Amino acid sequence: MYPKLVEEMIEQFVKLPGIGRRSAERIVFWLLSNPKEQTTEFSTIMLRLKENVRFCRQCKNLSDTDLCRVCTDQHRDRATICVVEDHKHLIAIERTGTYKGVYFVLLGAISPADGRGPDDLKIYELRERIIAEKIKEVVIATDPDTEGEMTALHITNELRPLGIKISRIGLGIPMGSSVEYADLSTLTVSMATRREL
Ligand SMILES: [Zn+2]
């Protein structure tokens, strides 16, 4: 129906999450109807994003520098680490504006169904960091679903011998739900009412 190049571009956009055929067509026509500079800017930033954004050396947060903004912020409480499953969860907690500690991003959760065990989650690295930086409290903010609870239990068992305070985010987030989708006030309450394990 369309020229080959138009069709190829539509097919590329359809690969993106949340973009259906109709939306892809609209984006391609938008590109065609706007000045070339706009497309150049779009593709340049996309390439720069891919080349420069990486994981923070310390916490595995997304960053375009060696250490992320949280890790380089001198006003953060460096004795408290919040453990989250991924970047979207970190952002959700940052949006509450109430947490002043630092983070450790697991980049996943224990999931036997997906063949992901404790060794895939860099919990060894977390343990090393807690010892090296004299961390006093670990707040486990994994999701309250089966995988998240399994992960929380494993981390607790691994860190227990270190004798530090270990807490789990509390009230409000329904079982089986996700930190990512909790609304701001729920997540704020959940962080504030974290319970010691
Ligand atoms: Zn970091």
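Visitor: Which protein atoms are the donors of the zinc ion?
Guide: In this predicted model, where local features need pLDDT of at least 70, side-chain atom pairs count only at pLDDT 80 or more, and totals for chains, interfaces and linings use all residues, the donors are the SG atoms of Cys-56, Cys-59, Cys-68 and Cys-71, lying 2.3 Å from the zinc ion. Donors are N, O and S atoms within 2.8 Å of the metal (3.2 Å for Na, K and Ca). Residues are numbered from 1 along each chain as its sequence is written, and side-chain values use heavy atoms, with hydrogens and water left out.

Visitor: What makes the arrangement around the zinc ion tetrahedral?
Guide: Four donors count as tetrahedral if all angles lie between 85 and 135 degrees; the 4 donor atoms here subtend angles of 102 to 117 degrees, so the arrangement is tetrahedral.

Visitor: Why is the pair of Tyr-2 and Phe-29 called edge-to-face?
Guide: Rings of Phe, Tyr and Trp (its six-membered ring) pair if their centres lie within 6.5 Å, and planes under 30 degrees apart count as stacked, over 60 as edge-to-face and the rest as tilted. The ring centres of Tyr-2 and Phe-29 are 5.5 Å apart and their planes lie at 65 degrees, so the pair is edge-to-face.

Visitor: Why does Tyr-2 count as partly exposed?
Guide: Buried means under 20% relative accessible area and exposed over 50%, with partly exposed in between (1.4 Å probe, protein chains only); Tyr-2 has 24% relative accessibility and therefore counts as partly exposed, and Phe-29, with a relative accessible area of 36%, is partly exposed.

Conventions:
Tetrahedral: all angles 85-135°; square planar, octahedral: opposite > 155°, others 65-115°.
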